[in-house]
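Have a look at the structure first, and then we can go through some of its parts together.

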Amino acid sequence: GVTDEETIVKNVAGASRADFVALAHAAPFVERAGVRFRHLDDERDPGLPARLLDDLRPEVLLTGTSLKVAEDGRWWAAARDRAIPSLAVLDHWANYAGRFSVAAPFDRLPDGIAVMDERARQAMVKAGAPRERLLVTGQPAFDRALLAELHGRDAARRAWGFHADEAVVLFASEPLRKDLGMTAGYDELDALRALREALSGTRLRLVVRLHPREAPAAMRARFPDVQLDVEQPGATAIAGADAVVGMTSIFLLEAALYGMPTLSLQPTIAPAAVPGDCHELVALARTAAEACAWLTAPSRLRRLSRVERDRRNVGCGFQSGATERVLREVERLRATRAV
């Protein structure tokens, strides 16, 4: 599923007749969007894409992207075999070739790829992607953050058991080790240990927000005393925090676009880059000491006003309307097939 499945599903459902399928980790987001969908239990079944496309007979296939390229590629190939145009929505400024390559660079491709901005398009072309398949649409997950105000602070605080006047740091975890091994020089547990060290001796409280593909039981086994957030909608969890810390998750950019103080903590000597390379939005720390200094700086835990964040977001090149642009491309592909 696309990052912030709930947002794009709601928009797609409101704009067109669509059938939705969701893998296990995406199902809760699609269910919250209030649309009917098919729950796919075994994404590794090689015959599933063909069977489902034969059953549904869609005019267009819209997918996200992942690092499970062989499985994503089965959907695109099955659609191509049935003359069904396919569009994949890229959601992150990382692993460009890795999302579309198995045996050779970009050997698993949909008919079109919606990318976040011109920088991503140029990077993909440089990596070897066919430029004629790339379309700059923006990132649909950011539409809500660019347009809406944050609500739900009180609800999040009640769920976490914290008082309104306590300062809370939200850690956005992600399954780095599962996806990348130790190629980054650290994993999510290293980053969380560094953050806990940074917060020791301060009055800042910690909440860990798990990625949908992370198991709460596994995290509790390693950090039994940590407060986990597993059910709050993303925007509600952001609203409940005073700062958001993570690693490379796109969740950091979403929090920053809402005007939250946002930090990427990457405890490694290997090269590091913040999500989207947007240092104006997301700061970078390499050690617990650096994270502590950043989080405890005077006036750090201040959310930007609407005017401040709008001015900064536009200045950094982020604009709303990505979902509508994706849907226009879906309609273009549908019309092309009809011809």
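## Around Asp117

The side chain of Asp117 reaches the backbone nitrogen of Arg119, at a separation of 3.3 Å. Keep in mind that this is a predicted model. Asp117 is found in the loop that runs between β5 (112-115) and α5 (118-127). Is Asp117 buried or exposed? Its relative accessibility is 17%, so Asp117 counts as buried, the cut-off for buried being under 20%. Leaving aside residues up to four places away in sequence, Asp117 touches Trp93 and Val136. Asp117 and Gly317 are 200 residues apart in sequence, yet their C-alpha atoms are 8.4 Å apart in space.

## Aromatic pairs

How many aromatic pairs does the structure hold? There are five aromatic pairs. In one of them, the rings of Trp93 and Phe142 have planes at 15 degrees and centres 6.4 Å apart, so this pair is stacked. Trp93 lies in the loop between β4 (86-89) and β5, while Phe142 lies in the loop between β6 (134-136) and α6 (143-147), so the pair ties together parts that are 49 residues apart in sequence. Trp93 and Phe142 are both buried.

Another pair is formed by Phe100 and Phe106, which is stacked because the planes are at 20 degrees, with the ring centres 6.3 Å apart. Phe100 has a relative accessible area of 0% and is buried; Phe106, at 7%, counts as buried too. Together with Trp76, Phe100 and Phe106 form one aromatic cluster.

| Pair | Distance between ring centres | Angle between planes |
|---|---|---|
| Trp93 and Phe142 | 6.4 Å | 15 degrees |
| Phe100 and Phe106 | 6.3 Å | 20 degrees |

## Helix α4

Trp76, a member of the aromatic cluster, is one of the buried residues of α4. Others buried in α4 include Val69, Glu71, Asp72, Gly73, Trp75, Ala78 and Ala79. Just after α4, Ala83 takes a positive phi of about 60 degrees.

## Strand β8 and its neighbours

Strand β8 (residues 205-209) is mostly covered, with four of its five residues buried. Strand β7 (residues 168-172) runs parallel to β8, and five bridges join the two. Within this pairing, Val168 has Arg205 in β8 as its bridge partner. β8 also pairs in the parallel sense with strand β9 (residues 227-229), over three bridges. There, Val208 stands opposite Leu228 in β9. From β8 the chain crosses through helix α10 (residues 216-222) to β9, and this β-α-β crossover is right-handed.

## Around Ala272

One more loop is worth a visit. Ala272 lies between β11 (262-265) and β12 (283-285), in the loop there. With a relative accessible area of 26%, Ala272 is partly exposed. Not counting residues up to four places away in sequence, Ala272 touches Gln266, Leu284 and Arg286. Ala272 and Gly185 are 87 residues apart in sequence and 9.4 Å apart in space, C-alpha to C-alpha.

Definitions and conventions:
Residues are numbered from 1 along each chain as its sequence is written. This is a predicted model: local features need pLDDT of at least 70, side-chain atom pairs count only at pLDDT 80 or more; totals for chains, interfaces and linings use all residues. Side-chain values use heavy atoms; hydrogens and water are left out. Buried means under 20% relative accessible area, exposed over 50%, partly exposed in between (1.4 Å probe, protein chains only). Contact means heavy atoms within 4.5 Å. A polar contact is a pair of N or O atoms within 3.5 Å; within protein, one must be able to donate a hydrogen and the other to accept it, and residues adjacent in sequence count only if both atoms are side-chain atoms. Rings of Phe, Tyr and Trp (its six-membered ring) pair if their centres lie within 6.5 Å; planes under 30 degrees apart count as stacked, over 60 as edge-to-face and the rest as tilted. Two strands pair if DSSP finds at least two bridges between them. A crossover is right-handed if, with the strands pointing away from the viewer, the path from the first strand over the helix to the second runs clockwise.
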